Amino acid sequence: MAEAAVIPRRNLSQPREGSAGCVLIIDDEAEIRESLQTLLELEGYDVEAAVDGTDGLLHLGDRPFDLVLLDLALPDRNGIEVLQEIRARDPQLAVIMITAYGTVENAVLAMQGGAANFIQKPWDNEKLLADVRAAVARRRAEEENIQLKRALKQRYNFENIVGKSEPMLRIFDLVSQVAASRSTVLLQGESGTGKELIAKAIHLNSPRADRAFVPVNAGSMPADLLESTLFGHVKGAFTSAIASKKGLFEVADRGTLFLDEIGTMNLDTQSKILRVLQDRKFMHLGGIHEVQVDVRIIAATNVDLKQLVREGRFREDLFYRLNVISVDLPPLRRRREDIPLLVDFFLKKYAQENQRPVRDLSPETLRPLVNYSWPGNVRELENVIERAVVLSVGPCIGPELLPDHIAGRGSSLPVLEHRPDASLFDIVEECERRIILEMLEKCNWNQTEAAERFRVPLSTLNQKIKRLNIEIKKRMRE
């Protein structure tokens, strides 16, 4: 029986910090409510409870929720009716039906009405928690992508991507043409050239714009974790797989999956990616059933994939599958006319973020910015301008707020200060040593990346490091 009194609501507009999610329980049995609430709160969820459909809908008007656990048999109305009203209010809100009457007909009605799942009392705690985690994850991914579309549509629209140089105008034309298609796109360019920004622009200008844009950095995780992240796994697939988990291919269904640093994938993972591209099917790790998906893939790389193919480190068939439409992003040093526009854009952006008045840039400050080679490309320029805005105190940013190596302060030939008898060979060697050290520091002591930026074979860079007695520091993890 339902309780006469309505459970007091906490009237919270936001979840508490660190919450695993916000869950609303709608059930007229006090023991069920208390059992579910205790179970979920121990897992870190913010939980509220309602005694009937009317009370539950009032809760939904008070604050946002990630998930509703809804009893089918409520004292004031049928749970299916409540489900329909929830879906009418918020089509994206996940609802799991819970009932003691687990008939096939009820399950069909619940799923047809938009329920994420249907669980019969008494439930298995582990399975229920797995279903809750999956439903909350889907809800949050959908919400994040809705917000991304609303907040970034203008920023990533082609008209508003900063650049007027001929190379960028050609890219805008090409991207405008390919956005409406479902073809795979391969973005190639040095680190910091804006590959993810262009990928978002393609997605937001495509018919898939209202679905998920899911980025994943293939170079930031080990192979086994990457495969689990991409394809998901079933319970027991490996030691720590205590519950089944969907992969990002499923999260990106009918949307776009952005695979950054695809050149770092091992050959086994490449084979699985190839199969998804060919058949649009895959299996969870440890699973036996195929999963069908409709995902557009945009891949990105800062290395020469053709060279990796020649070296046997990248599958040739995958390369041609990815390289349907290729977009080569130019480094900043090859589109210097865009630097003043980018500087102005970042000045306004970081003045607003840091609640500062917009600063002007003196001509003597802009000149070294335009002349600098920018090995870190747009990302490096953005960091320099952010630093200048934060450190500035007057209305105009002067060259003293630029890093020494950009402003040109200090002797470019320090060997002359200590060894006036130094030969030309000594001077050249010292300059070469400083340049390599600076690049290694920028690349977090990753010699492979440094060699790629220098556009020399790794063996050549290693020989120079050895000859110049450069001590290689242990690579720092970000």
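This is a short tour of a predicted model, stop by stop, with something to select at each one.

Before you start, note that residues are numbered from 1 along each chain as its sequence is written, and that side-chain values use heavy atoms, with hydrogens and water left out. Because the model is predicted, local features need pLDDT of at least 70 and side-chain atom pairs count only at pLDDT 80 or more, while totals for chains, interfaces and linings use all residues.

Element names follow DSSP runs numbered from the N terminus: helices are H or I runs of at least four residues, and strands are E runs of at least two.

**Stop 1: the sheet**

Select β1 to β5 and you have an open sheet of 5 strands, in the order β2-β1-β3-β4-β5, with parallel pairing. Two strands pair if DSSP finds at least two bridges between them. The edges are β2 (46-50) and β5 (117-120), each of which pairs on one side only. From one strand to the next, the twist averages 20 degrees. Angles here run from 0 to 180 degrees between N-to-C directions, and axes are lines fitted to C-alpha atoms, for helices over the stretch in contact.

Now zoom in on β1 (residues 22-26), which pairs with β2 in the parallel sense over 5 bridges. Pick Ile26, and its bridge partner in β2 is Ala50.

**Stop 2: helices on the sheet**

Contact means heavy atoms within 4.5 Å.

**Stop 3: a cis proline**

Follow the chain past β5 to Pro122, in the loop between β5 and α5 (125-156). The peptide bond from Lys121 to Pro122 is cis, with omega near -10 degrees.

**Stop 4: α8 against α10**

Select residues 223-231 (α8) and 267-279 (α10): they pack at an angle of about 15 degrees, with axes 10 Å apart. That makes the two helices roughly parallel (angles under 35 degrees count as roughly parallel, over 145 as roughly antiparallel, 65 to 115 as roughly perpendicular, and the rest as oblique). Their crossing is left-handed, meaning that the near helix is turned anticlockwise from the far one by less than a right angle; clockwise would be right-handed.

Show side chains for Ala223, Leu226, Glu227, Leu230 and Phe231 in α8, which meet Asp268, Thr269, Lys272, Ile273 and Val276 in α10. By class, this contact has 6 nonpolar, 1 polar and 3 charged residues. Nonpolar covers Ala, Val, Leu, Ile, Met, Phe, Trp, Tyr, Cys and Pro; charged covers Asp, Glu, Lys and Arg; the others, Gly among them, are polar.

**Stop 5: α13 against α14**

Move to α13 (residues 339-353) and α14 (residues 363-371), which pack at about 120 degrees with their axes 10 Å apart. That makes α13 oblique to α14. Here the crossing is right-handed. Ile339, Pro340 and Val343 in α13 meet Leu366, Leu369 and Val370 in α14, a contact of 6 nonpolar residues with no polar and no charged ones.

**Stop 6: two positive phi values**

Glu261, in the loop between β8 (256-260) and α10, has a positive phi of about 55 degrees although it is not a glycine. Glu261 is partly exposed, at 27% relative accessible area (buried is under 20%, exposed over 50%, partly exposed in between, with a 1.4 Å probe and protein chains only).

Finish at Asn377, in helix α15 (residues 377-391). Phi of Asn377 is near 60 degrees, again positive in a residue other than glycine, and Asn377 counts as buried at 0% relative accessibility.
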